[in-house]
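Please open the model in a viewer and keep the selection panel at hand.

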Amino acid sequence: MELTSLAKLLDLSSKTAIVTGGARGIGLGIAYRFAEAGAKVTIADIDKEKADDSAQQLKAKGWQAVAVACDVSKADEVENMVAETVKTFGSVDILVNNAGIFPNILVMNMREEDFDKVIDVNLKSVFLCSQKVAKQMIAHGKGGKIINITSIDALHPSSAGLTHYDASKHGVWGFTKNAALELAPHKIWVNAIAPGGIATPGVEKVQKNLELPQGVDMQKLLENFMAKIPMGRMGEADDIGKVALFLASDLSSYITGGQIVVDGGVLLS
Ligand code: NDP
């Protein structure tokens, strides 16, 4: 039996990918591995300046990347993100719904607008981006891959202050499974990655502004968090980038509607 070579399985040189929130953190980790595997990558981010810098970093390595300004919670900006990508690279074969926010607010202090914002950016965006991209994939008739970045909070709460976030991530996991069912006839495979604690600029920012329940000390909280990681370290963006590459490539040829937990073992504890 002749099997496809590993090099060919990992080769994304005929593919175009959009990574939302790709200017930094986990999104940049994913964009890096895709570009290295030969994909043409659109870095779509609300912060155009940072997205330009990141696209530049990839291009400096001889890889192909472009930056597009996009607030993923706005339908017209998502439409533009897809149109710009098709105009620049010809198609979209891979979408990573990564952009997300995780402001920490205790539920009893949460305003309606705080709740709505997290749901719009983390959950509605997944619907908007997936629908627009899938439409394009169906028109091209070549199938595609959609990868949604959920969280271990899609399965189990990691800390207080994240009710809106946990609701959004449970929602993305539900969306992933149903979209996988609906889009399979079009050869569009939809999967999720559930990261645990990954050291990113976003996490650093949240830790600085954490609203803790009375009597809870920040240092103690961090120590407890670290003690719950069987692998004994926080994750890095590349830990997620490598799994995203697996899901984007033909290495994952028989997976749809799945969620891969990448948490150093946290959910075991
Ligand atoms: P970061 O905040 O480090 O990076 C996210 C990027 O997305 C930033 O560039 C941010 O821009 C951008 N962004 C924010 N809002 C929007 C928007 N409306 N439209 C487009 N881009 C936007 O986050 P992480 O890399 O840590 O997280 C990425 C994803 O991974 C999120 O979905 C998060 O929920 C998930 N995740 C992260 C974990 C972690 O421990 N880091 C754990 C589990 C899940 P700006 O800086 O201007 O806000």
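**The enclosed cavity**

Begin with helix α5 (residues 112-140), which gives the most to the lining of the largest cavity, with four residues. Helices (H or I, at least four residues) and strands (E, at least two) are DSSP runs, numbered from the N terminus. The model is a predicted one, in which local features need pLDDT of at least 70 and side-chain atom pairs count only at pLDDT 80 or more, while totals for chains, interfaces and linings use all residues. Residues are numbered from 1 along each chain as its sequence is written, and side-chain values use heavy atoms, with hydrogens and water left out.

Next, select T20, V72, N97, N98, A99, N122, S125, V126, C129, I149 and K169, which line the largest cavity. Its volume is about 50 Å³. On a 1 Å grid over the protein atoms alone, a cavity is a set of points where a 1.4 Å probe fits but cannot get out, and a pocket is an open set with protein on both sides within 12 Å along at least five of seven lines; lining residues have an atom within 4 Å of a point. Grid points are joined across faces, edges and corners, and a volume is the space filled by probe spheres set on the points.

By class, this cavity lining has five nonpolar, five polar and one charged residues. Ala, Val, Leu, Ile, Met, Phe, Trp, Tyr, Cys and Pro count as nonpolar, Asp, Glu, Lys and Arg as charged, and the others, Gly among them, as polar.

**Two cysteines**

How far is the sulfur of C129 from the closest cysteine sulfur? The distance to C70 is 5.8 Å, too far for a bond. C129 is buried (under 20% relative accessible area; exposed is over 50%, partly exposed in between; 1.4 Å probe, protein chains only), at 1% relative accessibility. C70 is likewise buried, at 3%. The whole structure has zero disulfides (pairs of cysteine sulfur atoms within 2.5 Å).

**Strand β2**

Now select T42, in strand β2 (residues 40-45). T42 is buried, with a relative accessible area of 0%. Apart from neighbours within four places in sequence, T42 is in contact (heavy atoms within 4.5 Å) with A17, I18, V19, V66, V68, T85 and F89.

**The second largest pocket**

Finally, turn to the second largest pocket, with a volume of about 300 Å³. Of its 20 lining residues, S14, K15, K145, A248 and D250 are the closest to its centre.
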